[in-house]
Amino acid sequence: EIPVQDFTTCDATQQMITKGRLDGVDTAFDRAANMKACPIGADSACCKHCFMGPCRLNAKDPYGKVGVCGATIDTIMARNFARMVASGAAAHTDHGMSMLDLFREVVNGKIKDYSIKDTQKLEAVAQSIGIETEGRSAKEIAVELYEALESTYTAVEGEIPFAKRVPPKTLETWRKHGVVPRGAMREIMEIMHRTHMGVDQDYTNITKQCSRTALADGWGGSMVATEISDILFGTPSPVSIEVNMGVLKEDQVNIIIHGHEPNLFESMIESVNEPTFIEAAKAAGAKGINLAGMCCSGAEVLVRHGIPHAGNFMSTEAVLITGAVDIMAVDVQCIKQGLVKVAECYGTPLITTNPRCRIEGATHIEFNDHEPKKSTDEIVIKAISRFKNRKAKVQIPQNVNIGVHGFSHEYINYMLGGSFRGSYRPLNDNIINGRIRGVAGVVGCTNPRVKQDHVHIELVKELIKNDVLVLQTGCSQIALAKAGLTTPEAAHLAGPGLREVCETVGMPPVLGLGSCVDNSRILIAASEMVRIGGLGDSIADLPVAGCAPEYMSEKAISIGHYFVASGVYTVFGVTFPIVQGTRFHKHLFEELETMGFGKWGFAIEPQEIARLMINHIDKKRQALGLDK
Ligand code: SF4
Ligand code: FE2
């Protein structure tokens, strides 16, 4: 039996895996240990795109063999990679589309339970794509904005609306290579067509469509999700928050929301604050109702409302082992089917809410934006009844950590420049004068193939020690929050330059921005750094780098590729689905950079990842003439 310390650095998760073992419950950690990853699949050296195969090539001798149709290893790997991009991009764009559906119905008055909360953001987003706002009502602007953003998905020609936000030189590179997205639906459809048997069999041409589709995610679907969520639910600004499993309360009704789309959670916040439910909870013997988030659903409301966060992706089964969760409601993405069994063992109802995501053995209570409270109220009632009838022994790890999160692009602007003249100028100046060496995005999931949180934490520590400012989204920021690195006090772990900047501004050296779709905030921040000047003409010139050190999903591949296509050096950890030493590998890891894009990188150990990222940042500083 593998010691739990090898699975995760998260103490609370260790305690719960141990308890689970005593209770006879296994988790994805145990299953990963018992599931040897398929070595051919890990290298993406197999193809099952037609029934003359499936064909397996040999990663040790990649050019020794071709598929039945004659497909080379490069074609096979590029097609597999392209379909990962398509799936990941589809997930983010469909999430964005759900937000846009909600926005449309709010704007046309058919939905009354939600409203436009942030009209300033509404105007700013509209202006950014050339919509006139002067002297117009919020409703007029919103109607036009909706129509414009719908084309992010449906346009069959032209360029997606947010292409207008891309630095001109970066956009020029995209146009030169024919990768400016039209509508996301068209790009995803085309990628599926081109990767069908017998169509696109040139890995460089397939990579182009990967870029076009991934950009339709980053500057399209994901960006729409972020911007519309801000308009409807408010733009984040820093709040002090609690993370870790100790946010559960033994004497309260504990409700966990896990998944991705903020509308479910926003409605749940309303439901748990209903006086009748609070009364009902008290009548059932509880002190109150305690709402906490997990995964990206949690990250959304963490940064907007300061709702506590119980843990990231690899803690979602572990949290149920506490026995203290009175209900877990989920919507879409990153929801392990394994939750069903764990929930069953502890008598916790697992509720699916989205028609896109039903799970065998879970209870489905459909959430509908037109009557949101109908479903969230029902979930609260069920939770109270589970509390009343709790049979499982409750054991809550007492770990609680504090962090300050919610650094939206808008807030960073304000924080650095003040309310009179918000600007990225001070950030650029501090990069130019060398106090800040560069900026890194450290994002993404946790993965049981590596020790949970370990790579995130050690990598970020090394980066800030070297004066690299770190921006974070998704599950990664929860790893760092649990390690105490998202507080202003963590500045003492930073190098002297970054430390001075953090202390002057009163900010943490590690800035939590939001959920995975909020990686779009990092794109906007990068564009703003280019616009302010002094750091080159395109995103590819900036002394920045990105990393998803413990990634696990196809969504992460799409995110990684839109950063690469936008001009960012992006390093992934764990494993990379490609055979080293092949031409497709060389294309992604070297040639894309010479074409004006960013490029991919790969390393497993945190020190090695940090070295790659810092070397790249230094290379860009040199090219800009900042370090002579
Ligand atoms: Fe084999 Fe070619 Fe069919 Fe793929 S498309 S399974 S490589 S024959
Ligand atoms: Fe996510």
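**Loops, domains and a ligand**

Author: Asn244 is found in the loop between strand 3 (239-243) and strand 4 (253-259); helices (H or I, at least four residues) and strands (E, at least two) are DSSP runs, numbered from the N terminus. Residues are numbered from 1 along each chain as its sequence is written, while chains are lettered from A and ligands numbered from 1 in the order in which they are written. This is a predicted model, in which local features need pLDDT of at least 70 and side-chain atom pairs count only at pLDDT 80 or more, whereas totals for chains, interfaces and linings use all residues.

Reader: What is the phi of Asn244?

Author: Asn244 has a positive phi of about 100°, although this residue is not a glycine.

Reader: And is Asn244 buried or exposed?

Author: Asn244 counts as buried because 25 C-beta neighbours lie inside 10 Å. A residue is buried if 20 or more other C-beta atoms lie within 10 Å of its own, exposed if 12 or fewer, and partly exposed in between, with C-beta atoms placed from the backbone.

Reader: What about Val574, where does that one lie?

Author: Val574 lies in the loop between strand 15 (569-572) and helix 24 (583-594). Val574 also has a positive phi, near 65°, in a residue other than glycine. It is buried, since 20 other C-beta atoms lie within 10 Å.

Reader: Which residues does a cis peptide bond join?

Author: A cis peptide bond joins Gly53 and Pro54, with omega at about -5°. Pro54 sits in the loop between strand 1 (46-47) and strand 2 (55-56).

Reader: New topic: which residues come nearest to ligand 1?

Author: Cys47, Gly53, Cys55, Gly67 and Cys69 come nearest, out of 14 residues around ligand 1. A residue is near a molecule or strand if its C-beta atom, placed from the backbone, lies within 6 Å of it.

Reader: How is the shell around ligand 1 made up by class?

Author: The shell has 10 nonpolar, 3 polar and 1 charged residues. Ala, Val, Leu, Ile, Met, Phe, Trp, Tyr, Cys and Pro count as nonpolar, Asp, Glu, Lys and Arg as charged, and the others, Gly among them, as polar.

Reader: Turning to domains, which ones is the chain divided into?

Author: They are domain 1 (73-233), domain 2 (245-388) and domain 3 (409-623), with bounds from an automatic or database domain assignment. The C-alpha centres of domain 2 and domain 3 lie 32 Å apart.

Reader: How many residues of domain 2 are in contact with domain 3?

Author: Contact is made by 12 residues of domain 2 with 14 residues of domain 3, a contact being two C-beta atoms, placed from the backbone, within 7 Å. On the domain 2 side, helix 13 (295-305) and strand 6 (309-311) each supply at least two residues. Helix 13 gives the most to that side, with 5 residues. By class, the side of domain 2 that touches domain 3 has 7 nonpolar, 4 polar and 1 charged residues.

Reader: Finally, how many helices and strands does the chain have?

Author: The chain comes to 25 helices and 16 strands. Along its principal axes, the C-alpha trace spans about 65 × 60 × 50 Å. Of the 628 residues, 58% count as buried.
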